[in-house]
Amino acid sequence: MDVSPKRLLFVMLLTGVVISVVGPVAVLAFEEPSSGTFAYDVYDIGIEKILKGPIGFVAGAGAMVFGATRLFTGAVFPAIISILGGAMFLKAPDLIRTLGLLF
């Protein structure tokens with residue numbers, strides 16, 4: 001069965017519209033756990049001290065520098081992955097909050 005590219009594109013567009021209209025309605029944002037609980041201690045160490053702290057900055061900047069050096073040696077795909085990973089690591093707290101809004 002042959003399907004024309006225009007028909008396939010139309011079906012994909014229509015499917016996207018239906019999914020976005022009928023999709024989930026509730027938005028549940030990620031919230032920090034209340035102070036004094038075990039979850040807050042884990043959140044404080046994992047997010048506040050590691051991701052937002054100097055460890056997260058060094059890891060993100062190091063990945064971007066590694067990606068730049070790979071780009072100069074001609075390894076384009078590993079360079080792109082490293083640079084995007086470093087940028088995601090630098091923006092991890094914002095991404096956590098954004099993903100909390102989506103799920």
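Reader: How many helices and strands does the protein chain have?
Author: There are 5 helices and 0 strands. Keep in mind that this is a predicted model. From the N terminus on, the order is α-α-α-α-α.

Reader: What share of the residues is buried?
Author: Buried residues make up 16% of the 103 in the protein chain.

Reader: And what about contacts? Which share comes from residues 24 or more positions apart?
Author: Among contacts with a separation of 6 or more, such residues account for 51%.

Reader: Let's pick a helix. Which residues of α2 are buried?
Author: Y43, D44, I47 and L51.

Reader: Where is the kink in α2 centred?
Author: On D44, and the kink is about 30°. D44 is also among the buried residues of α2.

Reader: What span should α2 have, given its 14 residues?
Author: At 1.5 Å a residue, α2 should span 20 Å. Its end C-alpha atoms are 18 Å apart, so that agrees.

Reader: New topic. At what angle do α2 and α3 pack?
Author: About 60°, with their axes 5 Å apart. That makes α2 oblique to α3. Helix α2 covers residues 38-51, and helix α3 covers residues 54-73.

Reader: Which residues meet there?
Author: From α2, K49, I50 and L51. From α3, P54, I55, G56 and F57.

Reader: How do they divide into nonpolar, polar and charged?
Author: The contact of α2 with α3 has 5 nonpolar residues, 1 polar and 1 charged. L51 takes part in that contact, and L51 is buried too.

Methods: Residues numbered from 1 in each chain as written. Predicted model: local features only at pLDDT ≥ 70, side-chain atom pairs only at ≥ 80, totals over all residues. Heavy atoms only, no water. Axes fitted to C-alpha atoms, helices over the stretch in contact; angles between N-to-C directions. Helix = DSSP H or I, 4+ residues; strand = E, 2+ residues; numbered from the N terminus. Parallel < 35°, antiparallel > 145°, perpendicular 65-115°, else oblique. Contact = heavy atoms within 4.5 Å. Nonpolar A, V, L, I, M, F, W, Y, C, P; charged D, E, K, R; others polar. Expected span 1.5 Å × (residues − 1). Bend = angle between axes of the 7 residues up to and from the residue. Buried < 20%, exposed > 50% of the residue type's maximum accessible area, 1.4 Å probe, protein only.
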